[in-house]
Amino acid sequence: MKFHKLDELPTLKNGTLLLCLPSPGNVGQLVGDLLIYNFKGKRLGYYENDHIIPFVSASPYDEKDSSLHFAAELYQLKDKPSLFVLLIRTGVTSSKALYLDLYAYLNKDEFITNSINSSLLVTSGSQSMSVEPQVAMGQIQLLTDDIIVNPVPGLYMTPLTKDHMGTQIHGLTRRLIQYKDTLKSHKLQSMIMLVHEGNNIPHAMAFLQALLIALSHDFLGRVAVPSSWSSLIK
């Protein structure tokens, strides 16, 4: 993972890194976008890696911003400065190679090792057709790994187990969880929403609220969305 710095990196301790990754439904990516948009994300830099599909676009958050944005970027949330978002917007060519590169970066990078105390995997998995009987009609299932989350309307919380691996959790997410013991610089935890493919913006909004509660931050009364999403949520 080669990091290209665009702004000065902050000096602080006990930061939390949110790894928002591509996955079925791309809910983790959407949550990353909502965090950056609602809490004034400051872009610190972008990443270059042979296993992340290249991508260049205009700003997804501000139509007046003419700067270019890339496939993998690092943000600090100005309104919550202890939170950082590592957002990967595109697919990957090799989940095995990328998880190795990602863990090598997290273990060795000076900023990460000095400033980050914990990482949280924010992503999604495939909702099986046979929904668990305790999940009520209309509820969304959220898997958590050693994280206590107070009830959120419309969400069903359940522990992440080995039974979910390979059936509902795949690719890069699966490898990062399976080999999280190789991450030596800090602890990695996981929050994974099980979804069907489709319009998952409402799922991402609910996920964002649960995430804020898990991190002991204030619940958002109303989640704002970028204007570029407006046609998708009418």
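**Close-up 1. Helices α2 and α4 pack at an angle of about 50 degrees.** In this predicted model, local features need pLDDT of at least 70 and side-chain atom pairs count only at pLDDT 80 or more, while totals for chains, interfaces and linings use all residues. Residues are numbered from 1 along each chain as its sequence is written, and side-chain values use heavy atoms, with hydrogens and water left out. Helix α2 spans residues 95–108 and helix α4 residues 171–178; their axes are 9 Å apart. Axes are lines fitted to C-alpha atoms over the stretch in contact, and angles run from 0 to 180 degrees between N-to-C directions. From α2, the contact uses Ser95, Lys96, Leu98, Tyr99, Leu102 and Tyr103. From α4 come Gly171, Leu172, Arg175 and Leu176. Contact means heavy atoms within 4.5 Å. Helices are DSSP runs of H or I, at least four residues; strands are runs of E, at least two.

**Close-up 2. Asp7 forms a salt bridge with Lys42.** The closest N and O atoms are 3.7 Å apart. A salt bridge is a side-chain nitrogen of Lys or Arg within 4 Å of a carboxyl oxygen of Asp or Glu. By this rule the count comes to four salt bridges. Asp7 lies in the loop between β1 (2–5) and β2 (15–20), and Lys42 in strand β3 (residues 41–48), so the pair ties together parts 35 residues apart in sequence. Asp7 is partly exposed, at 30% relative accessible area. Lys42 is also partly exposed, at 27%. Buried means under 20% relative accessible area, exposed over 50%, partly exposed in between (1.4 Å probe, protein chains only).

**Close-up 3. Asp79 forms a salt bridge with Lys40.** The closest N and O atoms are 3.4 Å apart. Asp79 sits in the loop between β6 (72–77) and β7 (83–88), Lys40 in the loop between α1 and β3, 39 residues apart. Asp79 is partly exposed, with a relative accessible area of 42%.

**Close-up 4. Glu73 and Arg43 meet in a salt bridge.** The N to O distance is 2.7 Å. Glu73 is in strand β6 and Arg43 in strand β3, 30 residues apart. Glu73 is buried, at 0% relative accessible area. Arg43 counts as buried at 17%. Arg43, Glu73 and Arg89 are linked in a network of salt bridges.

**Close-up 5. Asp33 is buried yet has no salt bridge.** Asp33 is found in helix α1 (residues 27–38). The nearest side chain of opposite charge, Arg89, is 4.2 Å away. Asp33 touches Tyr61, Leu87, Arg89 and Trp229, not counting residues up to four places away in sequence. Lys and Arg count as positive, Asp and Glu as negative; His and the chain ends are not counted.
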